[in-house]
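Biologist: I am new to this structure and would be grateful for a close look at a single part of it. The structure is shown below.

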Amino acid sequence: MTTLIQYASLHPTPWKNGGGCTTEILASPPGATLDDFDFRISLATIVHSGPFSTFPGVDRTLSLVDGGSVVLDVGNERRVALSEREPVVAFPGEVPVSATVDGVPTVDFNVMTRRGRCSHQVERRVFRDYSELERRSALTVLFMADGDSMTVHSARERMSMVRYDAVVLDREQHWILEAPQATVYIVDIIPDDESSEE
């Protein structure tokens with residue numbers, strides 16, 4: 001079923017270390033904790049520099065949505081500066097990651113999938129007026145990262161979104177996105193049995 005998730009209806013959870021907070025957008029199975037989810041999609045606000053929690057057996061993609069730049073030290077092997085120019089980074093969840101913010105809080109879009117159960121692909125798309133979306137997996141999540149409002153419609157359904165809203169698409173292959181200007185993230189969740197068939 002196609003589902004609109006309104007950001008205004010969600011509630012942030014403060015981090016234990018006081019460095020920020022996370023707002024869960026969608027997780028599976030329903031009611032899953034941080035220890036047993038198959039996949040989890042969330043929006044985090046990073047206020048202070050500090051280490052990320054580790055998630056063994058999980059693959060992560062982190063995308064800068066708003067605020068200043070954030071520098072990630074990933075496993076003491078590479079340093080990645082998330083900015084408007086390079087807003088997306090992927091890394092294994094078991095690798096130690098430390099974030100350094102430049103004094104301005106950042107808002108970051110986070111996708112996590114547990115290996116052996118599913119994987120994910122993340123596409124960042126910036127457009128004006130309209131864009132066409134062809135679904136590529138059994139479950140697609142559309143997240144509106146920037147823009148005032150957007151209309152998403154298929155031949156049979158139509159929904160209106162505002163910034164930070166998300167839509168879960170598991171029906172209808174062809175969708176049209178309409179907005180004066182928008183930045184969206186298209187997340188494909190791919191079950192492992194589906195990956196093995198390709």
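Is His-153 buried or exposed, and at what relative accessibility? Please continue from there to the aromatic residues.

Modeller: Please bear in mind that this is a predicted model. His-153 has a relative accessibility of 15%; because buried means under 20%, His-153 counts as buried. This histidine belongs to strand 14, which covers residues 149–153. Leaving aside residues up to four places away in sequence, His-153 is in contact with Arg-158, His-174, Trp-175, Ile-176 and Glu-178.

I turn now to the aromatic residues. Five aromatic pairs are counted in the model. In one of them, the ring centres of Tyr-7 and Tyr-164 are 5.3 Å apart and the planes stand at 75°, so this pair is edge-to-face. The angle decides the matter, because planes over 60 degrees apart count as edge-to-face. Tyr-7 is found in the loop between strand 1 (3–5) and strand 2 (13–14), while Tyr-164 is found in the loop between strand 15 (158–162) and strand 16 (166–169); the pair therefore ties together parts that lie 157 residues apart in sequence. The two tyrosines can also be described by their accessibility: Tyr-7 is partly exposed at 28%, whereas Tyr-164 is buried at 12%.

Tyr-164 also pairs with Phe-143, and this pair is stacked, with 6.1 Å from centre to centre and 5° between the planes. Here, too, distant parts of the chain are linked: Phe-143 lies in strand 13 (residues 139–146) and Tyr-164 in the loop between strand 15 and strand 16, 21 residues apart. Phe-143 and Tyr-164 are both buried. Together with Phe-109 and Tyr-185, the residues Tyr-7, Phe-143 and Tyr-164 form one aromatic cluster.

A further ring, that of Phe-37, has a charge over it: the charged end of Arg-114 sits 4.5 Å from the ring centre.

Finally, a glycine may be considered. Gly-18 is placed in the loop between strand 2 and strand 3 (20–28). With a relative accessible area of 46%, Gly-18 is partly exposed, because that class lies between the 20% limit for buried and the 50% limit for exposed. Gly-18 and Gly-50 are 32 residues apart along the chain, and their C-alpha atoms are separated by 9.4 Å.

Key. Residues numbered from 1 in each chain as written. Predicted model: local features only at pLDDT ≥ 70, side-chain atom pairs only at ≥ 80, totals over all residues. Heavy atoms only, no water. Phe/Tyr/Trp six-rings, centres within 6.5 Å; stacked < 30°, edge-to-face > 60°. Helix = DSSP H or I, 4+ residues; strand = E, 2+ residues; numbered from the N terminus. Buried < 20%, exposed > 50% of the residue type's maximum accessible area, 1.4 Å probe, protein only. Lys NZ or Arg CZ within 6 Å of the ring centre and 35° of its normal. Contact = heavy atoms within 4.5 Å.
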